[in-house]
Amino acid sequence: MSQDTLFDKVWNLHKVSSLPGGSDQIFIGLHLIHEVTSPQAFGALKDKNLKVKYPDRTVATVDHIVPTDNQSRPFKDNLAERMIETLEKNCLEHKIRFFNIGSGNQGIVHVVAPELGLTQPGMTIACGDSHTSTHGAFGSIAFGIGTSQVRDVLATQTIAINKLKVRQIWCDKKLSKGVFAKDLVLHIINELGVKAGVGFAYEFAGPAIDELSMEERMTICNMSIEGGARCGYINPDEKTFSYIKNKLCAPKSEHWNKAITWWKSLKSDENSIYDDVIKLDASKVEPTVTWGITPGQSISINQQIPLLDDLSPNDKLVAKEAYEYMSFKPGQYIKDTPVDVCFIGSCTNGRISDLRIAAKVIKNKKVSKNVKAFVVPGSEKVATKAKQEGLDQIFKDSGFQWREPGCSMCLAMNSDKLIGNQVSASSSNRNFKGRQGSPSGRTLLMSPAMVAAAAINGKVSDVREFIN
Amino acid sequence: MKSEFTQPIGKISNINGQCIPLIGNDIDTDRIIPARFLKCVNFDSLGESVFEDDRKSLKGRHPFDLEKNKNASILIVNSNFGCGSSREHAPQALMRWGIKAIIGESFADIFYSNCIAIGIPCFTLSKKYIEQMQNYCDDQFLFLEIDLKTSLAKSNDLNLNLEIRESSRKMFLSGEWDATSRLLDNENLIDNKFNQLPYIKFNSHYS
């Protein structure tokens, strides 16, 4: 009897050849590109006089550099304008499908591909972006690549890569009320550490994962990379299939049943052999907030920032750096930390369900007068849906700025940046030094519901006090 | 910043140079090259911006600003170096500054692949030896001769057994680290694979 994980099955299916020294040549079923990591790859193709091998297998959108206030062309920022023009030209020249601003389908690449039904179980998916792991929520094997590998995928539809080991992260029971997928994944990264996933794919499984919606599953897989795992995935189930059904690029009519039959066969076999298994109790997870400069440095809302002596020798070096950068004292409570900026958006938490829960928290309340708060929907589709539901109005009424879709202040490649050592409550994925655009800016990662609560109170708050 | 930069090409079997230590765990690619420098359509000018924010905050005391390190080419780092964003701009910036090889306690996966793909061998070594080397560099020059055939690094006083992934080592020695042509050699196999994949047939987008 077969004892293969989904990872093994998908990997073996896509393996083209064994390369000298032990790496594999893997076929990439879906290649996603954006304006930041693709121009040099197209340049390299030109230098080598190569063509795009399967233009139909690559899909493009623009997200990282787009302004979210005024999107009229040309962009005010000349460099940003040059990048979008380069992408437009490359897609036209190589006949690559491009979802541009105003198409109704533009947005953050990891929000767009699932909502178009491009992301499906059993595919290999690559993109020049580390959060490509998001797509693993559908039972695909998806990982970030660099620009040279983008070039390889364009030219050959394959890459050279070493096979990963698989660690199953079994999440028992279910999340408590007011605790979200973001809290769970921050908790996992804190438990295992930011480098535990190096060399591994993470399989998220167990009752707590089964319980999650597809969008929550995307949040979990999205942040696999913050735990060091280039790839994270969840076995597909009925929720996966019903999410995909009727999407623009989903299998249609007679193909649908064939697709489902095949997708069902991909699940990790019972008694699969894993390289490692970790079990945790999801019911014990509480609203979680980062206090440091890596996504692993997090605590529950009612905990104190750890003392140096409470940390393992390996964690001490970065902890010292974090206290200093964040201007936090060991032992200080994270709750009630004043915040200057509140950001809801990103490929981690910029989907419709994220906006719905945040809107629920702030409805009929006002953003604290000391706080700049803004919402950046993950895609044009998310923005449209939110408007249909009247969420944009709820945000505006409470004092949030309502913006156009893009990556925005997750990485601050547009004009949305922290200033000086401002503190941001952010629904994004990275609290690295300088990540949100100011070399001394400070980021506290949390769920979108927690960001909403922080915006109202002007300080880090327990969202459970807002939700009854 | 060195004056002329030449991209590595072909077989890489020896790297000789001065070591430059950079202390810290979990140094992410946003720190190696902040996102604002990603607004470019080529990698040419990245070398001067490597570690821009860290360097500014250390006001000339950052290892990449010290006069004694200006000709160094072998970077000595601690654990999980290059975590975070997949931006190849990070190793490209290091390479354009003058880095030709990196020795560390451990590397993030995507950063490691990016280094291999552009011709920067990354070696691992235990924490103990890394710290010894970093300390040594504090007040003296450490020159290493690295031989990829044996994975040995030698200096006047040191003999180190470096570790490197076997597939990477072979690719450097054969010159196939620039993988495109090696992958294209299997064009028939790629086409066969495309035709075998079940989902190619049932995707309506690709009719």
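**Figure 1. Elements lining the largest pocket of the predicted model.** In this predicted model, α11 (313–326) of chain A and α1, α2 (52–58) and α5 (127–139) of chain B each supply at least two residues of the lining of the largest pocket. Helices (H or I, at least four residues) and strands (E, at least two) are DSSP runs, numbered from the N terminus. A pocket is defined on a 1 Å grid over the protein atoms alone as an open set of points with protein on both sides within 12 Å along at least five of seven lines, and its lining residues have an atom within 4 Å of a point. The largest pocket holds about 1000 Å³ of space, a volume being the space filled by probe spheres set on the points, which are joined across faces, edges and corners. Its lining comprises 41 residues, and E321(A), K433(A), R31(B), D54(B) and L58(B) lie nearest the centre. By class, the lining of the largest pocket has 16 nonpolar, nine polar and 16 charged residues. Ala, Val, Leu, Ile, Met, Phe, Trp, Tyr, Cys and Pro count as nonpolar, Asp, Glu, Lys and Arg as charged, and the others, Gly among them, as polar.

Residues are numbered from 1 along each chain as its sequence is written, and chains are lettered from A and ligands numbered from 1 in the order in which they are written. Local features need pLDDT of at least 70, side-chain atom pairs count only at pLDDT 80 or more, and totals for chains, interfaces and linings use all residues, while side-chain values use heavy atoms, with hydrogens and water left out.

**Figure 2. The second largest pocket.** About 850 Å³ of space lies in the second largest pocket. Of the 36 residues that line it, Q40(A), G43(A), A44(A), D47(A) and R151(A) lie nearest its centre. At least two lining residues come from each of α2 (39–47), α3 (78–94) and α5 (147–156) of chain A, and from each of α3 (89–97) and α4 of chain B. The most are given by α2(A), with nine residues. The lining of the second largest pocket divides into 13 nonpolar, 13 polar and 10 charged residues.

**Figure 3. The interface of chain B and chain A.** The contact (heavy atoms within 4.5 Å) takes 61 residues from chain B and 87 residues from chain A. The two chains bury about 6000 Å² between them, 58% of it on carbon and sulfur atoms; buried area is the accessible area (1.4 Å probe) that two parts lose on being put together, summed over both. Seven salt bridges are found across the interface, a salt bridge being a side-chain nitrogen of Lys or Arg within 4 Å of a carboxyl oxygen of Asp or Glu. One salt bridge joins D178(B) to R151(A), with the closest N and O atoms 3.3 Å apart. On the side of chain B that touches chain A, the residues divide into 23 nonpolar, 18 polar and 20 charged.

**Figure 4. A salt bridge between D77(A) and K39(B).** The closest N and O atoms of D77(A) and K39(B) are 2.5 Å apart. This pair crosses between chains, from the loop between β4 (58–61) and α3 of chain A, which holds D77(A), to the loop between α1 and α2 of chain B, which holds K39(B). Side chains of opposite charge can pair when their charged atoms come close.

**Figure 5. Backbone features of chain A.** The peptide bond from R73(A) to P74(A) is cis, with omega near -10 degrees, and P74(A) lies in the loop between β4 and α3 of chain A. K95(A), in the loop between α3 and β5 (97–99) of chain A, has a positive phi of about 55 degrees although it is not a glycine. Most residues other than glycine have a negative phi, and most peptide bonds are trans.

**Figure 6. The largest cavity.** A cavity is a set of grid points where a 1.4 Å probe fits but cannot get out. The largest cavity has a volume of about 220 Å³. H64(A), D129(A), H131(A), L411(A) and R435(A) lie nearest its centre among 24 lining residues.
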